[in-house]
Amino acid sequence: MFQGGDGWWGLKVGGLGAPGQPAELPLVPVDVQGQEYQLRVEPQDPVVPARGSLLVNCSTDCPDPEIITLETSLLKELVSSGLSWVAFQLSNVTGDSKVLCASFCNGSQMTSSSDITVYRFPERVELAPLSPWQPVGENLTLRCWVAGGEPRTHLSVLLLRGEEELSRQQAVGEPAEVTTTVLASRDNHGANFSCRSELDLRPQGLGLFQNSSAPRQLRTFVLPVTSPRLTVPRFLEVGTSGPLACSLDELFPASEAQVQLALGNQTLNTSVLSQGDTVTATATATASAEQEGAREVVCNVTLGGESREIRKNLTIYSFWGPTVNLSGTIVNLTEPTVPEGTTVNVTCAAGARVQVTLDGVPAVAPGQLAQLQINATERDDRRSFFCNATLEVDGIILRRNRSVQLHVLYGPKIDPAKCPQHLTWKDRTIHVLQCQAWGNPEPQLQCFQESSGVHVPVGIPFRVGLNYSGTYCCRAVSSQGTHTLTVVMNVRDRNSPFVTIFMGVSATLGFVTVIAALLHVFRVRKRNDIYHVNPGSTWLPLTSKPPNEVLGEEPS
């Protein structure tokens, strides 16, 4: 029997002798009849918890034993005794020890001993911290420390992956240190490793006592030696934004990679997306005037405490304008308008380092403005002034153009070439009075008969009558003045005497011509029928020949 913190406990010691069986004694008393007597210690070779208590009983079968004593280095207290037995309470058992019972029987000494084994649970079971990240393909050493724990011959240390046993070793040393090696792989990523102690007292009838360390999670990774791919615009104008993109393949685990994009010293707000073993980061860079010039865009990919970086140049430039300005007596700011005769100054300007050209005339130097001066006339109305700006950025010529149109106010005019001053038309016919006027603003054109004041439409077909004959005043009117042109219109009657006489003369001449033609035909036919010969002629008489006779044949 032994007493622990919770009371009395029975112990069954397997393999070391069973309770109730006598221990082998070096001296065995014998009585006169030759009977042997023995002294026993119970329990035999007990296992007790550290600082526990134990009840030890010394007993003999000797009928008349002398005093029975218990020899031990532990604190003991006599509990009870009888003729052939005595019981002692041992307390505060802190370490392994041996107890010895002694007595005399028939003048001979009897002794018996028992070994007390103390067990302790380990005070600390700890798995050494793992590396935050372990490269795939490299060996990982697991290390476990076990402090305390007895008896060591019954204490084992296990290294586990989850519940899978990787190694089992007996605890040796104080503290006991146990190691094993594991090859880091992708399958090990996220796995929990732990250390466990096992105090196996099942042979002593107490059971298996386990104590585990806190688990530690392993994170494995793959980071290729190649640099990321970085896409950036070559140029970026101040005040504008441009997309940036950075990606890296063959990462594991890609979802845990950290990607940072920066423009110069400015860290950008980055959006990271992983798909399979590829990670992609995007950001938007906004150029400011303070960043003008050559700047570096940096992409940094970090995984497992290692980084891959790539840098590319981005040129930030300022290219405002060009702007075209007109100065003078400007009437309308929305559409620059000046009265005719106004002196107008035209200027074209852009930012520093920008070369400008105004209507083909370049500025003196980059950064300087180009200008010209005109005296506005009607030919300058709706004239456009063109400003061209060029800027060299990193060997590339950038161009921008801008134009402005000038409006000139001038008085109305009627074009004599497009408005005939003498018109002759027939009565009851349809005609169009073609007259055009121009000016700025566009004038209103009207034509009216001076005698009657009757208006005739301009540019629209109308039927003329005899009453339309007369002198007309065509007047163009605008806010800039008035211009007039005289037009004479002569409308003739369809049946005038001249026409009648002309037709009579034509009929008479036609009749005379017909009579003359008939007389001529009659004379010709008459000559072809009969010919008369003078009597005194020596020529043969000529006779008429029928039409069917051949010419040159003599009559029969």
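Let's start with the link of C447 and C474, which is right-handed, with 115° about the S-S bond. A disulfide joins these two cysteines, S to S 1.9 Å; here, a disulfide is a pair of cysteine sulfur atoms within 2.5 Å. The pair links distant parts of the chain, 27 residues apart: C447 sits in strand 40 (residues 444-449) and C474 in strand 43 (residues 470-478). Strands and helices are DSSP runs numbered from the N terminus, with at least two residues (E) for a strand and at least four (H or I) for a helix.

Now look at C473. This cysteine is in no disulfide, and the nearest cysteine sulfur, that of C474, is 7.0 Å away. Is C473 buried or exposed? C473 is buried, with a relative accessible area of 11%. Buried means under 20% relative accessible area, exposed means over 50%, and partly exposed lies in between, using a 1.4 Å probe and protein chains only. C447 counts as buried too, at 1%, and C474 is buried at 0%.

A word on what you are seeing: this is a predicted model, in which local features need pLDDT of at least 70, side-chain atom pairs count only at pLDDT 80 or more, and totals for chains, interfaces and linings use all residues. Residues are numbered from 1 along each chain as its sequence is written, and side-chain values use heavy atoms, leaving out hydrogens and water.

How many disulfides does a search of the whole structure find? There are seven. One of them joins C58 to C101, S to S 1.6 Å. With -50° about the S-S bond, that link is left-handed. C58 lies in strand 5 (residues 52-60) and C101 in strand 9 (residues 97-105), 43 residues apart. C58 is buried, with a relative accessible area of 0%, and C101 is buried with 0% as well.

Another disulfide joins C419 to C435, S to S 1.7 Å. Its torsion is about 55°, so the disulfide is right-handed. Both C419 and C435 are buried.

Stepping back, the protein has one helix and 44 strands. Of its 556 residues, 37% are buried.

Five strands form an open sheet with mixed pairing, in the order 21-28-27-23-24; two strands pair if DSSP finds at least two bridges between them. The edge strands, each pairing on one side only, are strand 21 (235-237) and strand 24 (266-267). Strand 21 runs parallel to strand 28 (residues 306-317), joined by three bridges. There, L236 stands opposite I316 in strand 28.
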